[in-house]
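Subject: Structure handover

Hello,

Here is the structure for your files. My notes follow below it.

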Amino acid sequence: MKFRRFAICLLVFFAAASAASAQAVRNLDTVRRISTARFEIYYPQSLCEEAGRLSGFADRTLAELESFFGVPEERRKIPILLSDTSMDLNGYSTTFPSNRIVIFCAEPDIALGLASLDDPLYLVFLHELTHEVTLNIRSPLWKLLKAILGDFVAPSGWMMPASLVEGQAVSIESGLSSSLDVSAAQKAGRLNDPAALEPVFDEKRAKLARSLWDVSGAMDFPGSGNLPYLYGALFVRYVGERFGQEALVQLWQEAGKGNVLLGFENSLLAEGIVKKVTGVTADQLWADFQDWLGEVASEALSRGDRESETASSASNSNQTLRSGSVPISSRRIGAFSAGNNAIFYLDKEKQAVFRQDFDGESFSHPRKLFNADGYVRQMTLSDDGKTLLADWRAYDSNQIPGPAQYRFDLEKGILIQDKARNDAQAPAEIASRALLQYLCPVSSSGQTIVYGLLRVGTVVYPARVFDDGRIEIWKGMPGAVRSISIRRNREPATSEKNSESIDIVLGLVGDDLISRPMLLEEDEGVWSAWEVDCALPSGGAHSPVLLSEDRLAFSSPGLNGINTLYWSEFSKTRNVPGGWEPYAKETTAAQQDPGNTLQASVQARRFPEVFRTSRLPYADADSAGISFQAMDLTERLSWSANLGLNISAKVPEASLAIALSTLKGRTVLAVQDGASSGPGSSATRISSILFEYDRHRSLMPVWKSLDFSVDARYAGLRTNYTADSFFNLNPDYVAVSFGIKAQYSTMHSSSFAPFDQNGVLMMAALDLEDTSVSTASLAFTLQSSAALASAGIQADVYLSGSITSDELRFAPSGRSYTVSGSTWISGRPAEYPAFQEYAAIEGKQFYAFSELSVRLFSAGFFNKEGQSAVIKMPLSPSVLARRAGMVAGSRFALLFDNLASQFLSSLFLRAELDFSVLAGLAAQNHLVAGCELALPLAPSLAGRTFLVSFSLKNGW
């Protein structure tokens, strides 16, 4: 629908956050509800315990936050949904289409930087509730506008950059998890986790100075989405230490006034709210923060050097960082493993797993093993070295992602899903699923021991689980442990060496904020822990694995989403005291809160909160009006209603659409009334009813999907339509049609800007349409399309034709019927895009259209420090120029029937500007403005020598 284009662009400026499009409840399962004084908590039956516990602290936590930020108590209850459909801990708070919080309940993934969340439910709720409070701070004027237009009118979200929005929430999560006294900082939360903060200090060691807007969404390389959380949290801490927490509260209160002309930072003619509150400009304050950050990084390095010297007084001390590591591959590397002098790694750019062999001095050329997407969590080499085991993500029958295991036979080159590993029921396997991450089973002395990582409170320990369910942990690691890999000793058993001995390599982050390896070694049943001396690049050694007896392979992050695999020789330097100790599961004080168990749970509707709407004005080149949009809390049922004016035809338009979505498919019922024009006709009113069902299936183990859809349409059409006949619904003719379509796609965006498409797409469709103006039988239509895209080159081909009726015609501007010399618009839209250069050409029975485009260049805008270019405006908001590009191409069309054919072609050149208007969260979103010059190669047929068109679309 036309309103959607502008409505989404409008949200770039005004909405604080928009909901993710991810169904949060399985299929059409019902959700239950617990009501508290301030919240409506909805949950599936599987999360009954979590919902009860949440109800016990939710009201108290909200009251504390409101008191801290100095905001009055809201009258309306806040809806919360607990979801069990994700394998990763996550959550979001949004004001569009209405205020709501969704929490995806799962154990934190150690690799995703949330390992220190000792009470995931409470801390994720606290983080998202902070957004709910801060983004709903409004002055009286904006409260009035919010009552008229909806919750999405959130002025603090326009004013505060994402680094402040997310940074404030991480700060609360880290320092206020049990008390709103910032001085009483707890150990939980990312601000207290050196492993979580390491990416910031990696960049400081690389002498990289990100700007405020760079870390607020302007940077869009893979992994940059974490920058607002980390930089923002440190910035909030710095501002709080320098000016006091009351300054942060005052910033939010000023942001809630929504004075965009004042803005967050200084414009050319006005001082922003930062200067108003702190007396320092935003640019200067950020520069001071960068200096402070550098001092913290230097102190951490110095502390690491001093500790290393003290610990190694009896041996040769290694420097914190020294050269000597040798790069293997520099790409966007995912999971990797090593062994038998070979390394196996996932290349996320090429979406495949590769192997490189080591001859003692260098690695061979990469050899592709199998295709894979970015959801390979871990790879390990089997004990015999013949099989590569991969822990992956797969979809179940409900299209819900979950863990799955695959094995690749290195000798036969075959990849299969490992059902035996998936269905294993050994006691150690069962216990480890609940407690451990990065599982590594090892058979020893007739039993299976599962090694991995166990989170106890905020600390991660190496752990092992025995067949009888006993758990032991290794205490005393000099840093935060974040990865584990295991290498079996495969030497034959001798009297000198036990063949069952193993080596465990740990990746940990020390107080110097640098990742480094640590070795746990078993020799004839005796365990010892060793610090390791090896060459570390500036990014440290992440996820180290043993390449051979005396060599390590590891990953080290580089700049802007690229990381490098290295290898280095290593030696053991210092024995660290420690040993395996029995572990019994403990419950934290927060987790002991039984919750509101006395409150009765009542059966809720399947679609809670579905009538909370946002009312957005919409506009584009053809129409303008107001749109009502709503989505139920489970994200399954949504509806929209629009009322406006078709500007070009000067007639009203209206629509109502209801969509029901599950992870398996989507059903849409829509009623529309609007005007359209076709070849050789004036404005035609189309009053239609549409029913459509789409079925989606994701295919594993690579990015592939199958889509199948059926639809039925009834359309009443009226020619010579004018505004004064809007309430006259008597059509001149009607059209009834049915369609079926199938589509296969591997299309995906590239990882790096300008995010061009890659992959293939194939579509085939069959429809039949009967109109009261046609004298022939039902018109059966075949339509198909194909697209191929790679590295900035894209080719699209569309074929359409009627196989039973020569009255149905296809033209560059759409479908129509030609009966006795008169043209009547079809009741179905065409499956191909409009060829605007030849819009006046009348249709033929068959139509082929193709477009070939090539990206000539794409260049980013950066200042001399490598920061994104911000253009200060006379009055805020400023404009951030991301990049400019140029696309060239050609379009072709072939129209033909039994009597005549016609060939049409044109050349086009399109300039694109990717930019953001820096109003708060807008830096996270791209606006792409385009200006296209098209030259028809047959101007006499086109009726013009050139065509200039403009476009504005979202580019994120």
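The chain exposes about 40200 Å², with carbon and sulfur atoms supplying 55% of that area. Accessible areas come from the Shrake-Rupley method with a 1.4 Å probe; for residues, only the protein chains shown count as cover.

This is a predicted model: local features need pLDDT of at least 70, side-chain atom pairs count only at pLDDT 80 or more, and totals for chains, interfaces and linings use all residues. Residues are numbered from 1 along each chain as its sequence is written, and side-chain values use heavy atoms, leaving out hydrogens and water.

Of the chain's 956 residues, 54% are buried (under 20% relative accessible area; exposed is over 50%, partly exposed in between; 1.4 Å probe, protein chains only). Take contacts (heavy atoms within 4.5 Å) with a separation of 6 or more: residues 24 or more positions apart account for 60% of them.

The chain has 14 helices and 48 strands (DSSP runs numbered from the N terminus: H or I, at least four residues, for helices; E, at least two, for strands).

Now strand β2, residues 39-43. 5 of its 5 residues are buried, so β2 is largely enclosed by the rest of the structure. Phe39, Ile41 and Tyr43 point one way, Glu40 and Tyr42 the other.

β2 has these pairings (at least two DSSP bridges between two strands):

- β1 (residues 32-35) pairs with β2 antiparallel over 4 bridges. Arginine 33 stands opposite tyrosine 42.
- β3 (residues 78-83) runs parallel to β2, joined by 4 bridges. Phenylalanine 39 stands opposite isoleucine 78.

Best regards
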